[in-house]
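Welcome! Here is a short briefing to read alongside the sequence and the 3D view.

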Amino acid sequence: MTVQHLEKTPSRKQRLQEKQRRQLAVVDTVDKAEAKVRKAEVELALAVAEAVQMFGTEQSASEGLDMPVETIRRFLGIAKAAVAADKADAEAAATS
């Protein structure tokens, strides 16, 4: 004699909760990845800014890094914004 194992099917509410849990997990993963990308982009921008200083000009850095001048300028803008944000954070911390 065999016993049939009948699993209870989840309710509509349980299925919705599970779907929302999975969606939130995916959103969390994407948020974490975006933060890592932004951090890496800032690090690259700071390195490009240093390269421009070392090469002397944007054009020389472009040739030395084999990177278009437009990209160099974009990274310089990111680096400038990051330095300004760090400075603002430091000033805010000093006045707190």
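Which residue lies over the face of Phe75? Arg74 does, at 4.6 Å from the ring centre; a charge counts as over a ring if NZ of Lys or CZ of Arg is within 6 Å of the ring centre and within 35 degrees of the ring normal. This is a predicted model, in which local features need pLDDT of at least 70, side-chain atom pairs count only at pLDDT 80 or more, and totals for chains, interfaces and linings use all residues. Residues are numbered from 1 along each chain as its sequence is written, and side-chain values use heavy atoms, with hydrogens and water left out.

**The core**
- Nine residues form the largest nonpolar core: Ala45, Val48, Val52, Ala61, Met67, Ile72, Phe75, Ile78 and Ala79.
- Such a core joins buried (under 20% relative accessible area) Ala, Val, Leu, Ile, Met, Phe, Trp, Tyr and Cys residues through side-chain atoms within 4.5 Å.
- Helix H1 (12–55) and helix H3 (69–95) each supply at least two residues of this core, and H3 gives the largest share, with four.
- Helices are DSSP runs (H or I, at least four residues), numbered from the N terminus.

**How H1 and H3 meet**
- H1 and H3 pack at an angle of about 110°, their axes 8 Å apart; axes are lines fitted to C-alpha atoms over the stretch in contact, and angles run from 0 to 180 degrees between N-to-C directions.
- The two helices, H1 and H3, are therefore roughly perpendicular (65 to 115 degrees).
- Residues making the contact (heavy atoms within 4.5 Å) include Val48 of H1 and Phe75 of H3.

**A loop residue**
- Asp66 sits in the loop between helix H2 (58–65) and H3.
- Although not a glycine, Asp66 has a positive phi of about 55°.
- Asp66 is exposed, at 71% relative accessible area (the cut-off is over 50%, with a 1.4 Å probe and protein chains only).

Methods:
Parallel < 35°, antiparallel > 145°, perpendicular 65-115°, else oblique.
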